[in-house]
Amino acid sequence: MKMTKRSQWALPYVIFLGLFVVLPLFLVLVYAFQDRSGAFTLGNFLKFFSTSEDLHTFVYSIEIAVITTLLCLLLGYPAAWILSNPTYNRSSITVILFILPMWINMLIRTLATVALFDFFSAPLGEGALIFGMVYNFLPFMIYPIYNILQKMDHSYIEAAQDLGANPRTVFQKVILPLSMPGVWSGILMVFMPTISTFAVAELLTMNKVKLFGTTIQENINNGMWNYGAALSLIMLVIIGLTTLISNEKGNNAEQGGLL
């Protein structure tokens, strides 16, 4: 049978999404509200809120994610601005050098970071974890901001300069507001994977520091599927709320313009 309609070409993607996205999420939802016998229960969520260790790990994971995101923003925004400014960067090769680490598997980059710490005899722990997180996710902050700054209409900057605005005022009133959609995209791309990662934490801390993703992994590996699914659902809710807030902020930034 020939596919004569454009919508029919989307059928393979619909099947793929149904099998590997919708169905797994549905199973997570079902398992989260069941006990071992398959009966409906809220005990998995009550267990989470009554287990101080899991609550502490959850809060600690959010803290690490926030620190990583802020450091990536502090380092990534100036880098993106320099890369997008033809006065300071006249070669596209520089941009490729910043994006090049994204072409390498994250676990390989993390193992290289572990080897680097071993070479300098630096201890593995929380500091190494934050360093490795920033190193892994910094390109995800730089690239969206760089794209926005690269496509920015420079007539706004020229108009502000013609009106007597100094460089600091131009940045605060023109460049920064117009670049906020890229900033929020970068925050989202860094915060979401950071809060749910576990392999990076295990390698860079020698299992001394546990993140929430590690807690989920341990419960699932130990056969506690229902509790692990409940923890995964809590993580999905946090990520979903973060996405909604970021999208709302990005839309407000686009609509607000220079105001």
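This is a predicted model: local features need pLDDT of at least 70, side-chain atom pairs count only at pLDDT 80 or more; totals for chains, interfaces and linings use all residues.
The structure holds 1 cavity of 30 Å³ or more. Leu 83, Val 95, Phe 98, Ile 99, Pro 139, Ile 142, Tyr 143 and Tyr 146 line the largest cavity. Two or more residues of this lining come from each of α5 (93–99) and α7 (126–151), and the largest share, 4 residues, is supplied by α7. Sorted by class, the lining of the largest cavity consists of 8 nonpolar residues, with no polar and no charged residues.

The largest pocket contains about 330 Å³ of space. It is lined by 14 residues, of which Val 28, Ile 216, Ile 220, Gly 228 and Ser 232 are the closest to its centre. At least two lining residues are supplied by each of α2 (11–32), α11 (212–221) and α12 (225–256). The helix α12 provides the largest share of the lining of the largest pocket, namely 7 residues. In terms of class, 10 residues of this lining are nonpolar and 4 are polar, while no charged residues are present.

The second largest pocket has a volume of about 280 Å³. Among the 15 residues that line the second largest pocket, Trp 81, Asn 85, His 154, Ile 157 and Ile 175 lie closest to its centre. The elements α4, α8 (155–162) and α9 each give two or more residues to this lining, and α9 gives the most, with 4 residues. The lining of the second largest pocket comprises 9 nonpolar, 5 polar and 1 charged residues.

Helices α4 and α9, which both contribute to the second pocket, also pack against each other. Two packed helices are described by the angle between their axes and the distance between the axes. The axes of α4 (residues 52–84) and α9 (residues 167–196) come within 9 Å and cross at roughly 140°. The two helices, α4 and α9, are therefore oblique to each other. Their crossing is right-handed. On the α4 side, the contact involves Ser 61, Ile 62, Ile 64, Ala 65, Val 66, Thr 68, Thr 69, Cys 72, Leu 73, Tyr 77 and Trp 81. The partners in α9 are Phe 171, Ile 175, Leu 176, Ser 179, Val 183, Ile 187, Val 190, Phe 191, Thr 194 and Ile 195. By class, the contact of α4 with α9 includes 16 nonpolar and 5 polar residues, and no charged residues. Trp 81 of α4 and Ile 175 of α9 take part in this contact and are also among the residues closest to the centre of the second largest pocket.

Terms used: Residues are numbered from 1 along each chain as its sequence is written. Side-chain values use heavy atoms; hydrogens and water are left out. Axes are lines fitted to C-alpha atoms, for helices over the stretch in contact, and angles run from 0 to 180 degrees between N-to-C directions. Angles under 35 degrees count as roughly parallel, over 145 as roughly antiparallel, 65 to 115 as roughly perpendicular and the rest as oblique. A crossing is left-handed if the near helix is turned anticlockwise from the far one by less than a right angle, and right-handed if clockwise. Contact means heavy atoms within 4.5 Å. Ala, Val, Leu, Ile, Met, Phe, Trp, Tyr, Cys and Pro count as nonpolar, Asp, Glu, Lys and Arg as charged, and the others, Gly among them, as polar. On a 1 Å grid over the protein atoms alone, a cavity is a set of points where a 1.4 Å probe fits but cannot get out, and a pocket is an open set with protein on both sides within 12 Å along at least five of seven lines; lining residues have an atom within 4 Å of a point. Grid points are joined across faces, edges and corners, and a volume is the space filled by probe spheres set on the points.
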